[in-house]
Amino acid sequence: MRFSRSLIPTLKEEPVDAQVVSHRLMLRAGMIRSLGAGIYTWLPLGLRVLRKVEKIVRQEMDRAGAQEVLMPAVQPGELWQESGRWEQYGKELLRFVDRHERQFCFGPTHEEVIADLVRREIRSYRQLPANFYQIQTKFRDEIRPRFGIMRGREFLMKDAYSFDLDVTGLDVSYQTMYAAYQRIFQRCGLAFRAVEADTGSIGGASSHEFHVLAESGEDVIVSCDQCDYAANLEKAVAGEGATHDTEPLLSLQRSATPGQKSIEAVTRFLNITAQRLVKSILVEAAGQPLLLLLRGDRELNLIKAAAALGVPQVTLPDPERAARLANVAMGYLGPMNSHLPILADWELRTARNFACGANEEGWHLQHVNWERDVPTPTFVDLRNVEAGEPCPRCAGGHLLRHQGIEVGHVFKLGDKYSQAMGVRVLNDQGVEQTLIMGCYGIGVSRIVAATIEQHHDQKGILWPPALAPFHVEVLLLNPRDNAEGAAADALYQQLLAAGIEVLLDDRDERVGVKFKDADLLGCPWRVLVGGRSFKEGVVEIQSRDGTRLERVAIADAMEHIAGLVR
């Protein structure tokens, strides 16, 4: 590709609305342009990278035995009503009606569609196991699309669905997909972690997320420094820590704490640590208020709370509503003599002599104990784990926290959709049996952004070779010099003939502009043709990461570059 004849509209200035590195660099490198909130046009350079990700994904899915299909993006609402997700999915589902007033949606995912296909086409256990995938545009009506391609409303996704006769078969299909995902991200040149994850709105028995490690990642993932334990923050648990169960019980004490409402203020006023204070958080679940108890220095995880309660969502009411529901000002809420149901974090099982709100404005209690002062509540996992806590899986390991960008998710769906939609086959006894499903998604377009988040410097992108838009960029330093132009063009043609993807910067631009654009675009290798080196009969070959600089005779350049690329 010749730069002078290509649409590569690079930008010198930083885009003012770009909040993360990938968004900024994709705009500056002329990879994408915004059409509307969270909706982007992919320009030629960006599309080359996107297609390379697609190719790797397609190759590994085919290798794993999955069959490619292409399902409609527009889906009948009746299918979603049949599965029970029409209302459950929420406002991210883009709903509309056609001219006949029939309800439809633009698919954010395709569990219902594939279930409908399989119940129509697969009749016998002899046709199993089966796995179908597609690479297709999805739409989720995000309330606040941001970070460019990272969290857009329209995106390219690979989704696959496995069908097995039983759970044992699902386990095999799941592991096959898990291994395929590892190969995909390895081939893309990414540093990643697979972690235990919450199943979210998709549902199912268990799941794993694949996260690209990057400082800008929105998600927090946790791993052990000694073993292979890893989970996202919604699933991560800590091992047993210090306990207080050997302490003697102290007498209950009522302490005036006028105007002291925050954890910091109360602990300072009472001269205790936050570990000794139990905070009471009023939440609402399925329309009912209840108290959640945590250690004062811990952070509530609402997804864990919802899972513990078996409800889709747990919400925090605003302070005024919370005060009305609790009949006490916030900051003084506590479990003693509370009229609300109570759940406590499992870490509090061994708590003794703790402080808490007295359910009376201006007062706290000290030396509170279970059973004697407060009925022992149900203990569940409610909190976010912290770095340095003991690993729950191995002896001696400690937890680390990382920032991650989710690029893949695999689910064991079980019979959630197949039962609701009647996806059954005849087993070897001639009896109808409900199929067991798995679901496997990869954010194809998100991989492009996540790669940039992980591979960049102050000058621009540093593409891993497998995803680079071009293997080599040839910089013609002086297009007005006929000899230099002829040499650059000859090398360009030789590289093309050898099957090497090459961009020739033949623009009539200043050398400084070409160097800056080359750094921005981030091709792994660049070849400088012109200037003093050309007069000496050589070209300069540089790696984008700055680790290699070689001077090679012009006649040997093509062969030398081919060796570097391959």
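User: What percentage of the residues in the protein chain do buried residues make up?

Analyst: This is a predicted model, in which local features need pLDDT of at least 70 and side-chain atom pairs count only at pLDDT 80 or more, while totals for chains, interfaces and linings use all residues. Residues are numbered from 1 along each chain as its sequence is written, and side-chain values use heavy atoms, with hydrogens and water left out. A residue is buried at under 20% relative accessible area, exposed at over 50% and partly exposed in between (1.4 Å probe, protein chains only). Of the 566 residues in the protein chain, 53% are buried.

User: How many helices and strands does the protein chain have?

Analyst: Helices (H or I, at least four residues) and strands (E, at least two) are DSSP runs numbered from the N terminus. The protein chain has 15 helices and 29 strands, and its C-alpha trace spans about 95 × 70 × 50 Å along the principal axes. A contact means heavy atoms within 4.5 Å. Among contacts between residues at least 6 apart in sequence, 68% join residues at least 24 apart.

User: Which residues touch the most other members of the largest nonpolar core?

Analyst: In soluble globular proteins, nonpolar side chains tend to be buried together. A nonpolar core is a set of buried Ala, Val, Leu, Ile, Met, Phe, Trp, Tyr and Cys residues joined through side-chain atoms within 4.5 Å. The largest core has 62 residues, and M31, F185, I447 and W463 touch the most other members. Residues up to four places away in sequence aside, I447 touches V53, F185, C188, L190, V407, I442 and L467. Another core, of 26 residues, lies apart from the largest one and includes A115, F411, L435 and C439.

User: At what angle do helices α2 and α11 pack?

Analyst: Axes are lines fitted to C-alpha atoms, for helices over the stretch in contact, and angles run from 0 to 180 degrees between N-to-C directions. Helix α2 (residues 44–63) packs against helix α11 (residues 444–454) at about 115°, with the axes 9 Å apart. A crossing is left-handed if the near helix is turned anticlockwise from the far one by less than a right angle, and right-handed if clockwise; α2 passes α11 in a right-handed crossing. The contact is made by V49, L50, V53 and E54 of α2 together with V444, S445, I447 and V448 of α11.

User: Which strands pair with β8?

Analyst: Two strands pair if DSSP finds at least two bridges between them. Strand β7 (residues 130–139) pairs with β8 in the antiparallel sense over 10 bridges, and A130 stands opposite F163 of β8. Strand β24 (residues 436–443) also pairs with β8 in the antiparallel sense, over 8 bridges; here F163 stands opposite M437. Strand β8 (residues 154–164) is mostly covered, with 10 of its 11 residues buried.

User: Why is one side of β13 and of β18 left without a neighbour in the sheet?

Analyst: These strands belong to an open sheet of 3 strands, ordered β13-β19-β18 with antiparallel pairing. Both β13 (253–256) and β18 (354–357) stand at the edges with a single partner strand each, so one side of each is left without a neighbour in the sheet. The twist averages 30° from one strand to the next. Strands β18 and β19 (residues 363–368) pair over 3 bridges, and G357 stands opposite H364 in β19.

User: Where is T257 placed, and which side chain does a polar contact join to that of T257?

Analyst: A polar contact is a pair of N or O atoms within 3.5 Å; within protein, one must be able to donate a hydrogen and the other to accept it, and residues adjacent in sequence count only if both atoms are side-chain atoms. T257 lies in the loop between β13 and α7 (263–270) and counts as buried at 0% relative accessibility. A polar contact of 2.8 Å joins the side chains of T257 and H364. Residues up to four places away in sequence not counted, T257 touches F269, L270, Y332, G362, W363 and H364.
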